[in-house]
Amino acid sequence: MTQAVRRRVLALWAVFAAALLLLALPAAGYASSGSVGSVAPVAPAANDAYDRMASYTADIVVDPDGGATFTETIDYRFGTSGGRKHGIIRNIVTRQAVADSEDGSYRYYALDLESVRSPTGASATTKVTDGSDGASEIRIGDAKTYVDGYAQTYVLTYHLANIVNPIDASAGGAASNGAATAELFYNVFKSDPIPKDAVKITVKGPAAVTQVKCVRGNSDPGTPCATATAGATATFAVDNLLGNENLTIDNQFPRTAFGALQPDIRVAGSAVSSGQAKVLTSLALAGGVGIPLVAAGVMGALVASRGRDEWYAGLTPGLTPGSSAGSSPPGAGPNGIPAPVVKGRRPTIAVQFNPPPGV
């Protein structure tokens with residue numbers, strides 16, 4: 001084998017080895033920090049091969065009108081498994097089922113994403129889409145740029161409307177004094193596949209939180225959180241939340257601390273609230289009856305005013321306007337006076353004693 005042939009063989013082996021290496025590399029993408037689905041919980045990885053949240057902190061401020069502003073700080077660790085990432089995905093629960101609903105009704109919380117930033121310099125480019133399982137998907141990162149570094153921090157601020165529910169004393173949601181309450185019952189995480197080493201949540205409102213409850217897990221009633229404390233600022237904490245393990249908090253306030261609370265209740269498959277649906281239904285029924293009547297009236301008016309023969313008023317039969325006076329302008333009668341055009345009414349018949357011209 002000559003030296004030139006040997007060089008060619010070595011070059012072919014090098015190309016072949018490089019192709020095998022490229023095929024073995026995993027595809028790069030986004031790290032899902034909120035993808036939803038019906039999958040079993042998984043324990044946090046013992047090494048850095050898999051993504052995880054080293055910490056998750058949420059400060060929730062409840063408005064007197066029943067909305068709430070969330071400020072989330074996510075300390076994220078990108079694992080080596082799955083290749084390089086462009087960013088993370090955070091799914092925010094914006095639809096929660098109404099208990100004992102026969103028509104599939106659900107509460108809808110309109111999402112207003114106010115800001116997303118990264119103190120560690122990661123891309124904060126965002127895209128919000130309607131996800132599955134009652135969530136809105138926030139995709140954070142640049143599709144053309146990979147995340148630089150193993151650890152990144154993301155800070156999200158968003159508002160959810162109509163998240164507080166009014167509860168009457170007779171409905172079993174009363175505080176210890178028997179008064180009506182207002183309740184913030186929310187799934188902070190639902191079917192989120194990313195494990196979380198530490199989760200801390202605070203809740204403030206227009207009045208102190210009188211009662212709290214916090215459960216983790218996917219079964220009813222679930223397991224109590226490590227910390228759930230009421231007060232001027234309610235606090236919740238849980239450690240080692242597993243991937244796909246749900247986390248739910250419940251806060252009760254005095255009803256008098258809020259104004260008119262009107263939860264946005266929608267029917268499954270509908271994009272409008274139940275109140276809007278009633279209005280639209282009434283308009284549709286009114287339109288179904290009223291539109292044909294209006295159309296019939298308009299057609300009758302058109303027939304009466306435009307749908308009948310035209311004739312020249314006061315003109316002797318057989319003559320045309322201006323025919324007896326050559327100097328008269330078109331449209332003028334025998335005396336040079338314009339002959340008016342009328343429609344519909346029976347004309348006054350003028351008698352002509354002489355034959356028409358040319359007869």
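Tutor: Let us begin with the largest pocket, to whose lining strand S14 gives the most, with 4 residues. Before going further, note that this is a predicted model, in which local features need pLDDT of at least 70 and side-chain atom pairs count only at pLDDT 80 or more, while totals for chains, interfaces and linings use all residues. Residues are numbered from 1 along each chain as its sequence is written, and side-chain values use heavy atoms, with hydrogens and water left out.

Student: How much space lies in the largest pocket, and which residues are the closest to its centre?

Tutor: The general idea is that rolling a probe the size of a water molecule over the atoms shows where empty space is left. A pocket is found on a 1 Å grid over the protein atoms alone, as an open set of points where a 1.4 Å probe fits, with protein on both sides within 12 Å along at least five of seven lines, and lining residues have an atom within 4 Å of a point. Grid points are joined across faces, edges and corners, and the volume is the space filled by probe spheres set on the points. Here the largest pocket holds about 430 Å³. It is lined by 18 residues, and Phe185, Asn187, Val215, Asp220 and Thr248 are the closest to its centre. Strand S12 (181–189), strand S14 (211–216) and strand S18 (247–254) are the elements that give two or more residues to this lining.

Student: What kind of peptide bond joins Asp220 and Pro221?

Tutor: That bond is cis, with omega about 10°, and Pro221 is found in the loop between S14 and strand S15 (223–224).

Student: How many helices and strands does the protein have, and in what order do the 7 strands of the open sheet lie?

Tutor: Helices (H or I, at least four residues) and strands (E, at least two) are DSSP runs, numbered from the N terminus, and the protein has 2 helices and 21 strands. Strands of a sheet pair through backbone hydrogen bonds, either parallel or antiparallel, and two strands count as paired if DSSP finds at least two bridges between them. In this structure, 7 strands form an open sheet with mixed pairing, in the order S7-S10-S3-S2-S13-S17-S16. Strand S7 (111–117) and strand S16 (227–229) stand at its edges with a single partner strand each, so one side of each has no neighbour in the sheet.

Student: Which strands form the open sheet of 3 strands?

Tutor: Its order is S5-S6-S19, and the pairing is antiparallel. S5 and strand S6 (residues 106–108) are paired over 3 bridges, with Arg95 opposite Tyr108 in S6.

Student: Which residues have the most contacts inside the largest nonpolar core?

Tutor: In soluble globular proteins, nonpolar side chains tend to be buried together. Buried means under 20% relative accessible area, exposed over 50%, and partly exposed in between (1.4 Å probe, protein chains only). A nonpolar core is a set of buried Ala, Val, Leu, Ile, Met, Phe, Trp, Tyr and Cys residues joined through side-chain atoms within 4.5 Å. The largest one here has 46 residues, and Tyr186, Ile201, Val203 and Leu247 have the most contacts inside it. Contact means heavy atoms within 4.5 Å, and, leaving out residues up to four places away in sequence, Ile201 touches several residues, including Tyr56, Val188, Phe236 and Leu247. Of the 359 residues of the protein, 34% count as buried.

Student: Is Val93 buried or exposed, and which strand does Val93 lie in?

Tutor: Val93 is buried, with a relative accessible area of 4%, and lies in strand S4 (residues 85–93). Beyond its neighbours within four places in sequence, Val93 has contacts that include Tyr109, Leu160 and Tyr186. S4 runs antiparallel to S9, joined to it by 7 bridges, and in strand S9 (residues 135–141) 6 of the 7 residues are buried.

Student: Where is Asn162 found, and what is its phi?

Tutor: Asn162 is found in the loop between S10 and strand S11 (164–167), and its phi is near 55°, a positive value in a residue other than glycine. At 27% relative accessibility, Asn162 counts as partly exposed.
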